[in-house]
There are 2 protein chains.
Amino acid sequence: PYQRTVHDFFISNELREELQKKSEATRQVMPTAGLPRLDREKFHSLVPLDTNNNKSAAVFGFPSWVYKAQKEDGKYYVLRRLEGFRLSNAGAIAKIKEWKHVYNGGVVSVVNAFTTQAFGDSSLIFVYNYHPMSKTLAEYHFAPTNRYGHRAPANEQVLWSYVVQIASAIKAVHGNHLAVRCLDASKVILTEKNRVRLSACAVLDVVQFEANRPMQELQQEDFLLFGRLMLSLASNNPHIITAKISVDGLLRAYTPDFRSAISWLLTPAHIPGSKNITDFLASISSHLVTSYDMVLHAEDALRTDLYRELENGRLVRLLTKLDFINERPEYEGDMKWSEYGERYILKLFRDYVFHAIDAETRRPKLDLGHVLVCLNKLDAGTNEQIRLDSQDGVSSIIVTYKELKKQAILAFADLEKRAGAKGGRY
Amino acid sequence: PYQRTVHDFFISNELREELQKKSEATRQVMPTAGLPRLDREKFHSLVPLDTNNNKSAAVFGFPSWVYKAQKEDGKYYVLRRLEGFRLSNAGAIAKIKEWKHVYNGGVVSVVNAFTTQAFGDSSLIFVYNYHPMSKTLAEYHFAPTNRYGHRAPANEQVLWSYVVQIASAIKAVHGNHLAVRCLDASKVILTEKNRVRLSACAVLDVVQFEANRPMQELQQEDFLLFGRLMLSLASNNPHIITAKISVDGLLRAYTPDFRSAISWLLTPAHIPGSKNITDFLASISSHLVTSYDMVLHAEDALRTDLYRELENGRLVRLLTKLDFINERPEYEGDMKWSEYGERYILKLFRDYVFHAIDAETRRPKLDLGHVLVCLNKLDAGTNEQIRLDSQDGVSSIIVTYKELKKQAILAFADLEKRAGAKGGRY
Ligand SMILES: Nc1ncnc2c1ncn2[C@@H]1O[C@H](COP(=O)(O)OP(=O)(O)OP(=O)(O)O)[C@@H](O)[C@H]1O
Ligand SMILES: Nc1ncnc2c1ncn2[C@@H]1O[C@H](COP(=O)(O)OP(=O)(O)OP(=O)(O)O)[C@@H](O)[C@H]1O
Ligand SMILES: [Mg+2]
Ligand SMILES: [Mg+2]
């Protein structure tokens with residue numbers, strides 16, 4: 001990976017596009033959305049993220065809405081709003097604190113929660129980290145897309161990767177003496193290719209605070225919810241009823257390994273025994289290793305991309321410097337920049353790099369590769385010599401990149417002095 | 001993470017430095033190294049990577065040397081040379097083929113092997129992927145660095161991460177019906193922070209081909225070598241003799257979990273039974289999950305960095321375009337670029353971006369932030385209006401970025417036409 005040609009100077013188009021889209025989604029604003037500012041909590045520029053308009057209260061018992069919002073400090077967050085919720089017990093919101101300790105790649109971080117009247121009702125708001133361009137597993141797997149209105153069930157390899165990530169997330173949650181409680185396919189989001197995160201943690205802890213159910217019971221329930229989620233994805237059926245189904249029948253197309261993992265999740269422990277996530281993880285450790293190695297490879301690939309991009313930041317600074325010093329109106333009549341001055345070669349170099357004309361065809365040469373090579377040599381200050389022709393083509397000078405670099409540094413230092421700036425800023 | 005100010009426009013300094021050093025190490029050449037070109041195999045520009053000069057034959061039975069080399073296609077590789085090796089059985093080198101199937105984040109990929117007389121002796125060469133700036137675990141952990149000449153033993157968290165990575169690597173190797181055979185601390189390399197890779201795979205398969213030992217026996221031996229490696233790192237002792245030692249005694253400072261994992265590795269199976277890596281991985285699954293989550297976080301962080309850098313590639317292209325079109329000598333006298341032509345605003349814009357003068361102090365403004373903001377607005381073609389002053393400061397024009405973008409596109413298209421280039425190249 002550690003070699004480069006002009007062709008792989010820039011990042012792969014696919015990844016560039018993904019990041020570009022995310023960047024646009026992040027910056028997107030909706031002037032006419034008619035949503036309030038939350039001045040007390042310092043959020044503004046709310047943009048609705050829900051793709052459907054159904055006021056379903058199925059998951060939380062209250063209609064819920066999701067917005068992207070910008071905080072005063074410039075950062076973006078997601079606000080999940082439960083409409084018409086009245087807080088009757090102040091202790092309920094304190095539950096949020098415990099969630100702040102959960103730091104896991106499979107859990108959308110819970111930032112805060114508060115109530116507000118700003119929407120014209122009494123709303124409960126949860127603040128989460130923002131992951132641009134996310135889709136819920138339901139949107140991704142259950143949305144009808146082919147011409148028969150069906151989607152093929154997810155393949156086993158992808159499902160195993162979900163199983164591993166969600167199990168790791170549950171371990172982090174249970175390890176903090178909490179329970180996920182909400183593992184609906186509409187509340188697990190895909191944030192990058194095959195990366196899933198639990199997106200609605202803490203909500204039910206606040207909303208059903210009064211019920212005061214034992215944590216142990218809720219954690220045991222998580223296994224059941226987890227099993228149901230995987231079963232519905234595997235059988236491509238959003239509305240599975242697990243009362244009296246045959247897992248083996250539904251999962252005929254999958255390996256025995258997969259079927260037994262799902263069965264384990266769906267089978268309650270014999271009371272007073274209990275199941276725990278550590279045992280589950282040990283039982284799927286070979287899939288865990290596979291996922292682990294996949295992430296290592298992904299990390300290596302990202303590092304290589306970053307390495308490719310690294311040079312661009314340097315070139316932006318260099319190009320900017322050259323543009324700062326070249327052709328400044330105030331240099332008209334400055335001896336140094338005249339045909340006999342020591343800066344004159346910088347002017348000729350600029351022409352050499354950007355204004356080259358093909359000797360035979362007399363056509364302009366627009367070769368990005370040529371530009372990059374020249375700039376890199378300038379930056380390195382090599383001993384290589386080049387011939388710079390005067391604009392009228394009559395005379396020419398032989399000069400090394402080393403000399404050019406020296407003059408560029410002097411010219412910029414000069415300019416910095418005149419600007420009253422301290423050196424070494426670039 | 002998805003928000004940015006001028007301050008986090010560029011990548012973090014630490015990571016930038018790491019990548020920069022790797023880039024330099026990769027490109028480094030040694031004109032006086034006196035090493036041969038391998039013309040038949042198309043390798044040149046060999047640079048020795050060994051930091052010590054000891055002609056030790058301890059690991060392979062032959063003195064060995066490691067070189068960085070560039071191949072004809074421009075890519076870099078590592079060559080490991082065994083000095084004075086005579087190939088007596090042609091089948092030995094064929095073993096390499098099986099290694100090409102091993103694709104794992106913890107194994108340095110084996111590319112090829114051949115014999116050569118180019119070094120003035122009969123040498124056996126193994127070709128591997130190149131990981132710039134690597135250090136061996138021995139160099140990293142056993143090199144005396146503090147003023148007492150001792151290094152503190154590695155902490156348990158780091159060791160667990162090695163255990164997980166090496167176990168995952170062994171799984172990939174054993175899964176391909178091969179054995180690592182060489183797990184010396186000098187043959188496991190650190191390629192990035194806490195990332196380890198097995199660096200000398202396949203060597204002993206070729207060198208000890210004649211011995212023809214059963215694979216099953218070699219795989220069982222891998223566990224012992226793995227255990228010894230971890231024990232020597234944990235006890236900070238490169239020369240451990242495992243014959244009659246007390247693991248628990250040596251590992252007093254470590255958790256029972258760690259001690260029992262190492263003991264398992266060091267204890268041979270009761271014949272005719274055998275140990276397998278899958279069982280080991282299941283037994284350390286909770287550490288596997290921890291490592292897994294750490295890599296997920298590392299992946300997220302790299303993605304954020306890449307997102308930050310993304311814009312630079314775009315800006316390099318934009319700056320280059322502007323430099324292509326501005327101040328071309330052949331435009332002297334071109335009506336379009338005259339004070340009354342439609343391209344004139346591009347000239348004024350260039351002055352606005354790069355040649356700005358502070359209105360009060362009359363000093364040049366050298367503000368990278370200003371440049372970046374202007375270029376981004378130009379690229380977006382916003383409706384925002386700016387006032388461009390003529391160079392003599394007498395007249396001025398109000399113009400939108402949209403209009404500027406339009407003129408820049410037209411000017412470049414014009415130039416491309418004259419260059420005879422097809423559009424859409426940038
Ligand atoms: N933390 C987040 N960052 C970015 N997008 C998110 C985040 N959490 C949720 N979303 C997105 O917001 C949208 C709405 O989420 P929501 O949970 O309301 O799903 P839904 O399909 O509308 O389900 P329901 O009918 O229960 O409201 C989804 O597209 C989801 O991907
Ligand atoms: N694939 C590789 N990519 C980059 N560097 C490597 C690679 N393999 C080995 N190296 C580096 O080459 C150097 C020499 O490796 P080598 O295996 O010879 O270690 P050593 O300490 O010299 O041991 P020995 O005494 O057995 O030769 C080490 O610094 C190592 O990090
Ligand atoms: Mg919704
Ligand atoms: Mg060596």
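## Helices 11 and 12 of chain B

In chain B, helix 11 (residues 344–354) and helix 12 (residues 368–380) have axes that come within 9 Å and cross at roughly 145°. Helices here are DSSP runs of H or I with at least four residues, strands are runs of E with at least two, and both are numbered from the N terminus. Axes are lines fitted to C-alpha atoms, for helices over the stretch in contact, and angles run from 0 to 180 degrees between N-to-C directions.

Helix 11 of chain B brings Phe349(B), Tyr352(B), Val353(B) and Phe354(B) to meet His370(B), Val371(B), Cys374(B) and Leu378(B) of helix 12 of chain B; contact means heavy atoms within 4.5 Å. Sorted by class, that contact has seven nonpolar, one polar and no charged residues. (Ala, Val, Leu, Ile, Met, Phe, Trp, Tyr, Cys and Pro count as nonpolar, Asp, Glu, Lys and Arg as charged, and the others, Gly among them, as polar.)

## About the model

This is a predicted model, where local features need pLDDT of at least 70, side-chain atom pairs count only at pLDDT 80 or more, and totals for chains, interfaces and linings use all residues. Residues are numbered from 1 along each chain as its sequence is written, chains are lettered from A and ligands numbered from 1 in the order in which they are written, and side-chain values use heavy atoms, with hydrogens and water left out.

## Domains of chain A

Chain A is assigned domain 1 (31–283) and domain 2 (310–419), with bounds that come from an automatic or database domain assignment. The C-alpha centres of these two domains of chain A lie 57 Å apart.

## The five-stranded sheet

Chain A has an open sheet of five strands in the order 1-2-3-5-4, with antiparallel pairing; two strands pair if DSSP finds at least two bridges between them. Strand 1 (43–48) and strand 4 (110–116) of chain A are at the edges with a single partner strand each, so one side of each has no neighbour in the sheet. On average, neighbouring strands of this sheet are turned by 30° against each other, direction ignored.

Strand 1 of chain A pairs with strand 2 (residues 64–71) of chain A over four bridges, in the antiparallel sense. There, His44(A) stands opposite Gln70(A) of strand 2 of chain A. Helix 2 (residues 91–99) of chain A packs on the sheet and touches strand 4 and strand 5 (123–129) of chain A, its direction making about 165° with that of strand 4 of chain A.

## The three-stranded sheet

Another open sheet in chain A has three strands in the order 6-7-8, paired antiparallel. Strand 6 (135–136) and strand 8 (195–198) of chain A are the edges, each with a single partner strand, so each has one side without a neighbour in the sheet. Strand 6 of chain A pairs with strand 7 (residues 188–192) of chain A over two bridges, and Lys135(A) has Leu190(A) of strand 7 of chain A as its bridge partner. Helix 4 (residues 156–175) of chain A packs on this sheet, touching strand 7 and strand 8 of chain A.

## Helix 4 and its helix neighbours

Helix 4 of chain A packs with helix 6 (residues 215–234) of chain A at about 165°, axes 11 Å apart. That makes the two helices of chain A roughly antiparallel (the cut-offs: under 35 degrees is roughly parallel, over 145 roughly antiparallel, 65 to 115 roughly perpendicular and the rest oblique). The residues of this contact divide into twelve nonpolar, two polar and one charged.
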